[in-house]
Amino acid sequence: MNQKLFQRFMNEIEDEFLEEAYKKTAAGPSPSRLPADGASFGRNRRVWLRRSIAAAACLCLVAAGIAAGGKLRNDGKPATMEDIAELGFRLVLPEEAEAATYEVLEGGTAVEADFTLKGETYTCRAEKTSEAEVPAGEDGWVAWYTEEEEVLYVLAGGGEAGDAALLTTARQIMNRLGYDMDVAPQNAKNIMYITFALDPGDGTEALETAETSFTVDGIRYAYRTAGTGQVVLQDISGMEDGKYENSSSLELGWCAAEAFWTEGGAGKLIWLDLAPGLVYSLTMDRGASKDALTEMAETLYTPAQGDVG
């Protein structure tokens with residue numbers, strides 16, 4: 001999240017809330033859920049959003065004790081973490097990473113880090129691009145993309161330890177960057193995390209949106225969430241209603257929701273958690289039904305203000 005977006009949000013919130021967010025972040029990993037408090041949900045929502053953004057925007061890139069050698073730069077010297085940072089990449093590795101080597105690629109538009117963690121080897125690649133594209137023809141990766149940075153990061157590896165180790169390693173990196181990765185289900189593969197500004201198309205201001213896309217049993221899902229000041233349901237899925245054959249109103253927890261799907265084909269589910277002011281969407285590229293959409297949504301969604309039932 002770049003300085004411009006960070007400052008825009010910071011200007012809209014009182015100092016006392018920023019101080020509270022700072023104290024909670026400094027005390028340890030910030031929770032991704034809000035406590036139940038109906039009388040103060042507006043305050044909590046702003047603190048929660050600010051804390052998440054502050055953690056990402058104020059990150060300091062540090063070596064954290066990694067013993068780093070490097071692949072050669074054009075001047076014949078080993079590439080270092082500092083070289084990577086100077087090119088505008090936040091290529092942070094897990095704190096316990098070993099034997100890290102860095103390489104500058106494609107004239108500085110891409111970089112890679114190879115490292116070992118708990119006996120398994122990994123490669124983390126970062127590439128400057130204006131689009132968050134799923135790596136083509138590859139399997140077994142975790143990726144993340146921030147629209148403001150226009151950099152796609154892809155982590156691959158894990159060896160015999162498999163997908164669980166890969167996801168754990170990715171979580172370690174993302175946590176150091178200030179992102180919450182505890183969204184995708186345990187059996188998910190090829191997970192991509194994206195943050196971007198979304199025009200809701202209703203004349204209101206753009207929404208800072210986070211998307212987690214992943215594959216389960218060959219079906220590609222995309223789960224989005226955004227903070228909103230609107231009290232009406234906004235569709236942040238990016239998918240038009242007219243492409244689906246069926247629609248239905250339902251409830252997800254205590255939230256009013258709308259489902260759209262073509263039986264066995266694509267589908268989407270949208271809902272609004274009014275108390276914290278968060279709007280959600282879930283899409284699937286095939287195998288859709290009302291029950292399939294609802295089941296996955298219930299797996300992913302945890303009310304931000306906690307269980308008030």
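Is Glu-112 buried or exposed at 18% relative accessibility? I found that Glu-112 counts as buried, because its relative accessibility is 18% and buried means under 20% relative accessible area, exposed over 50% and partly exposed in between, with a 1.4 Å probe and protein chains only.

**Entry 1: the model**

I noted that this is a predicted model, in which local features need pLDDT of at least 70 and side-chain atom pairs count only at pLDDT 80 or more, while totals for chains, interfaces and linings use all residues. Residues are numbered from 1 along each chain as its sequence is written, and side-chain values use heavy atoms, with hydrogens and water left out.

**Entry 2: the whole chain**

I looked up the secondary structure and found six helices and 12 strands. Helices (H or I, at least four residues) and strands (E, at least two) are DSSP runs, numbered from the N terminus. Of the 309 residues in the chain, 46% are buried. The accessible surface comes to about 15,100 Å², and carbon and sulfur atoms hold 50% of it; such areas come from the Shrake-Rupley method with a 1.4 Å probe, and for residues only the protein chains shown count as cover. I then turned to contacts, meaning heavy atoms within 4.5 Å. Among those between residues at least 6 apart in sequence, 53% join residues at least 24 apart.

**Entry 3: the nonpolar cores**

I next looked up the nonpolar cores, each a set of buried Ala, Val, Leu, Ile, Met, Phe, Trp, Tyr and Cys residues joined through side-chain atoms within 4.5 Å. The largest has 58 residues, and those touching the most other members are Leu-91, Tyr-102, Phe-115, Trp-144, Leu-155, Phe-214 and Trp-271. Helix α5 supplies the largest share of this core, seven residues. Another core, of 14 residues, lies apart from it and includes Leu-152, Phe-196, Leu-198 and Leu-272.

I examined Phe-115 by itself. Leaving aside residues up to four places away in sequence, I found that Phe-115 touches, among others, Leu-93, Pro-94, Tyr-122, Leu-155 and Thr-169.

I also checked Met-174, which lies in helix α5 (residues 162-177). Met-174 counts as buried, as its relative accessibility is 2%.

**Entry 4: the salt bridges**

Side chains of opposite charge can pair when their charged atoms come close. I counted a salt bridge where a side-chain nitrogen of Lys or Arg is within 4 Å of a carboxyl oxygen of Asp or Glu. The structure holds seven salt bridges.

Which residue forms a salt bridge with Glu-112? The partner is Arg-125, with the closest N and O atoms 3.2 Å apart. Glu-112 is in strand β2 (residues 110-117) and Arg-125 in strand β3 (residues 120-128), so this pair ties together parts that are 13 residues apart in sequence. Arg-125 counts as partly exposed, at 22% relative accessibility.

Asp-163 and Lys-189 form another salt bridge, their closest N and O atoms being 2.3 Å apart. Since Asp-163 lies in helix α5 and Lys-189 in strand β6 (residues 189-198), the pair ties together parts 26 residues apart in sequence. Asp-163 is partly exposed at 34% relative accessibility, and Lys-189 is partly exposed with a relative accessible area of 39%.

I then found Lys-268 and Asp-235 meeting in a salt bridge (2.4 Å, N to O). Lys-268 is in strand β11 (residues 267-273) and Asp-235 in the loop between β8 (219-227) and β9 (246-252), 33 residues apart. Lys-268 counts as buried at 0% relative accessibility, whereas Asp-235 counts as partly exposed at 27%. Salt bridges that share partners also join Glu-106, Glu-112, Arg-125 and Glu-127 into one network.

Why is strand β7 largely enclosed by the rest of the structure? I found that eight of the 10 residues of β7 (residues 207-216) are buried, so the strand is largely enclosed. I treated two strands as paired if DSSP finds at least two bridges between them. β6 and β7 run antiparallel and are joined by eight bridges; in β7, Glu-208 is the bridge partner of Ala-197. β7 and β8 also pair in the antiparallel sense, over eight bridges, and Ser-213 stands opposite Ala-222 in β8. These two strands, β7 and β8, form a hairpin with two residues between them, and Asp-217 in the turn has a positive phi of about 55 degrees.
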